[in-house]
Amino acid sequence: MKFLEQPPRFLFFTGKGGVGKTSIACATAIALAEAGRRVLLVSTDPASNVAQVFGTIIGNRITDIPGAPGLSALEIDPQAAAQAYRDRIVGPVRGLLPDAVVKGIEEQLSGACTTEIAAFDEFTALLVDSALTANYDHIVFDTAPTGHTIRLLQLPGAWSGFLESGKGDASCLGPLAGLDKQRAQYGRAVEALADAERTRLVLVARAQRSALNEIARTHKELAAIGIAQQYLVINGLLPEEEAKQDSLAAAIYEREQAALRALPAELAALPCDRVALRPFNLVGLDALRQLLGATPSPANASEDEPIALDAPSLSELVDAIAADGHGLVMLMGKGGVGKTTLAAAVAVELARRGLPVHLTTSDPAAHLSETLHGSLEHLKVSRIDPHAETERYRREILAAKGAELDAAGRALLEEDLRSPCTEEIAVFQAFSRIIREAGESFVVMDTAPTGHTLLLLDATGAYHREVARQLDAKGAHYTTPMMQLQNPKQTKVLLATLAETTPVLEAAGLQADLRRAGIEPWAWIINNSVAAARPHSPLLRQRARNEIREIDAVAATHARRYAIVPLLKEEPVGVSRLLELAGRAVEAA
Amino acid sequence: MTAIEIYDPALCCSTGVCGTEVDQALVSFAADVDWAKQNGARIERFNLAQQPLAFAENAIVKAFLERSGQEALPLVLVAGEVALAGRYPSRSELARWAGLVETATEPKHSGCCGGGSC
């Protein structure tokens with residue numbers, strides 16, 4: 001493995017939830033410890049399965065791992081860190097200020113930015129030289145801060161008179177106000193990140209076209225900040241011999257190889273390692289040692305063991321949606337779970353029932369909306385370009401509002417406008433023009449704002465005014481936009497996820513966030529299920545078996561109702577394949 | 001010199017970009033505060049989301065919040081007395097309270113409410 005050669009002091013693994021960062025970070029830490037180094041493994045995995053992996057309780061203190069001399073681990077829970085941070089700010093005024101005010105403040109500090117900054121705050125002590133880390137040769141992190149966070153920390157404008165005095169006008173850095181650490185310490189931590197002698201960043205992705213494009217963007221963003229030493233790991237590749245086992249495995253193999261051939265140029269220039277899909281669960285030292293090894297291990301799931309799966313189809317779910325005759329359907333989920341495809345499948349199912357549907361997507365590739373447009377009676381398709389909308393929104397604000405700011409203030413405003421919230425708001429604003437149609441027909445959207453954003457917009461009243469103005473122009477009757485979103489007769493939120501641990505946990509997080517805003521997700525959709533595709537290949541059957549536990553968790557604890565969508569051999573493009581996706585004919589293998 | 005205290009509503013960004021519309025009044029006011037400070041005014045801003053204790057510890061501000069709610073912010077105190085509520089002050093108001101003389105370089109913007117939170 002190239003990324004293991006001559007490793008510097010700090011190793012960071014970054015990539016989307018579910019790509020296997022934590023497993024690879026654990027395997028790396030074991031490999032380095034077995035080479036005689038003293039290693040500290042730092043995990044922020046929300047699944048918190050590092051403890052399970054090593055069979056010992058770890059938690060928020062440095063713990064030696066039994067059976068692995070030289071290896072210690074530390075678990076950071078970003079949610080808990082963010083909660084502790086909120087308590088520091090809100091605790092002293094609870095009972096002193098009106099409850100509504102206290103609740104409002106808590107919401108301000110409940111966004112993704114706060115969680116991310118709180119996690120970084122926990123990192124800083126490990127990145128600067130201290131007694132805490134003096135005993136270790138390597139510190140391995142299973143996550144990395146985003147470009148947005150690092151850039152904010154680098155901006156002098158964000159700091160001037162801010163942390164030092166505890167007051168001032170910083171923006172997205174607002175969440176930093178209550179943090180303990182000094183600016184100098186943050187400065188040194190950011191410096192360590194950008195020092196190629198000390199820090200190596202390993203990008204982890206699956207061999208899927210969209211995932212590789214996304215990791216290419218992460219690469220460019222972090223390289224621009226100065227994190228120049230980057231490596232690429234393609235994880236979970238289906239081995240060639242497996243492709244001979246069945247047609248689904250062959251199709252997956254072909255798709256992965258095609259994605260690798262089309263690797264974005266900037267990634268192709270990086271040192272790259274490939275890690276094969278393993279048939280075993282990555283739990284225990286032995287399994288992790290094998291992960292980065294060369295020898296493939298045979299799968300142990302035999303053909304005759306049945307995979308018990310109760311898989312309600314998407315089509316059945318759409319029956320219930322169709323019963324209301326009209327309404328807004330929003331697909332929500334983390335990037336890469338297939339929201340656009342699922343939105344299209346729901347829209348096609350509704351249109352096939354003779355119901356008028358407007359499918360509106362933010363699909364950057366546009367090929368889906370193009371292939372569907374005009375292909376089915378009752379189906380109207382439109383598309384907004386999220387990058388164009390966000391750019392337009394940024395330019396408008398900078399032109400109108402940035403003119404009077406000095407250089408530092410303007411730089412800060414520009415960075416604020418690069419936050420994930422800005423894109424979410426710009427896209428949702430563009431969609432809100434179409435939402436009013438949901439009173440008479442179906443509107444299906446492939447994106448939804450988070451509960452946190454809705455609460456903030458609702459609190460400022462800005463969203464209310466925005467929609468009210470558009471509705472008033474049509475003379476339509478309405479209550480408030482937030483009430484429309486909270487009413488399941490008018491709005492149904494479908495949470496999309498994959499049958500894997502981290503994606504399920506991430507979807508549960510989104511659900512909790514929506515519930516805070518008084519919105520109950522109507523159903524969950526588990527996409528790309530190998531189990532529902534009834535594979536024959538032993539490796540895929542093993543994966544299918546692993547999915548069952550996650551599917552059971554969704555069915556038993558998370559979802560009020562759910563559907564399972566099988567992994568298809570071909571990309572689900574066009575009406576007939578989308579209908580196949582939603583098909584009723586999914587049975588237990 | 002007279003101390004001016006501004007109690008801001010809970011803003012996720014002081015520039016307000018998190019809202020669907022950036023509040024021009026807020027952006028202009030940030031520039032005005034900078035100008036006044038550079039000319040020697042003593043101005044302090046407190047953000048409800050970041051320094052709630054400052055709101056709780058001042059009896060006037062606390063009572064204002066209890067009576068009128070956070071929707072009624074911002075609140076401006078001059079020498080500890082309520083000078084203005086519900087909108088941000090203009091540059092000339094700031095100058096008058098702080099005893100400054102305005103120069104001719106004041107950028108053109110409306111001194112009255114620019115929408116948004118007022």
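Predicted model: local features only at pLDDT ≥ 70, side-chain atom pairs only at ≥ 80, totals over all residues.
The phi angle of Q6(A) is near 40°, which is a positive value in a residue other than glycine. Q6(A) has 6 other C-beta atoms within 10 Å and is therefore classed as exposed, the limit for this class being 12 or fewer. A positive phi, near 75°, is also found at H378(A), again a residue other than glycine. H378(A) belongs to the loop that connects α16 (367-372) with β11 (379-383) of chain A. Because H378(A) has 16 C-beta neighbours inside 10 Å, it counts as partly exposed; this count falls between the limit for exposed residues, 12 or fewer, and that for buried ones, 20 or more.

Chain A as a whole contains 25 helices and 15 strands. It has 589 residues, of which 50% count as buried. Among the contacts in chain A with a separation of 6 or more, 76% are between residues 24 or more positions apart.

The loop between β1 and α1 (21-34) of chain A includes G20(A). G20(A) is classed as buried because 25 C-beta neighbours lie inside 10 Å, where 20 or more are required. When residues up to four places away in sequence are left out, G20(A) touches V204(A), N235(A) and G236(A). Between G20(A) and V93(A), the separation is 73 residues in sequence and 42 Å in space, taken from C-alpha to C-alpha.

Elsewhere in chain A, helices α23 (residues 501-516) and α24 (residues 538-558) have axes that come within 10 Å of each other and cross at roughly 20°. The two helices, α23(A) and α24(A), are therefore roughly parallel, since angles under 35 degrees are placed in that class. The crossing of α23(A) past α24(A) is right-handed. On the side of α23(A), the contact is made by T501(A), V504(A), A508(A) and Q511(A). On the side of α24(A), the contributing residues are E550(A), A553(A), V554(A) and H558(A). Sorted by class, the contact between α23(A) and α24(A) comprises 4 nonpolar, 3 polar and 1 charged residues.

In chain B, an open sheet of 4 strands is present, with the order β2-β1-β3-β4 and mixed pairing. Strands β2 (42-47) and β4 (81-85) of chain B are at the edges with a single partner strand each, so one side of each has no neighbour in the sheet. On average, neighbouring strands of this sheet are turned by 20° against each other, direction ignored.

Two of the strand pairings in this sheet involve β3(B). Strand β1 (residues 3-8) of chain B pairs with β3 (residues 75-78) of chain B in the antiparallel sense, over 4 bridges. In this pairing I6(B) has V76(B) of β3(B) as its bridge partner. Strands β3(B) and β4(B) also run antiparallel and are joined by 4 bridges. Here L75(B) is placed opposite A85(B) of β4(B). In a regular strand, side chains alternate between the two faces of the sheet. The hairpin of β3(B) and β4(B) has 2 residues between the strands, and A79(B) in this hairpin takes a positive phi near 50°.

A cis peptide bond is found in chain B. It runs from L73(B) to P74(B), with omega near 10°. P74(B) is situated in the loop between α3 (59-68) and β3 of chain B.

Key. Residues numbered from 1 in each chain as written. Chains lettered and ligands numbered in written order. Pairing = 2+ DSSP bridges. Axes fitted to C-alpha atoms, helices over the stretch in contact; angles between N-to-C directions. Parallel < 35°, antiparallel > 145°, perpendicular 65-115°, else oblique. Left-handed = near helix turned anticlockwise from the far one by under 90°. Contact = placed C-beta atoms within 7 Å. Nonpolar A, V, L, I, M, F, W, Y, C, P; charged D, E, K, R; others polar.
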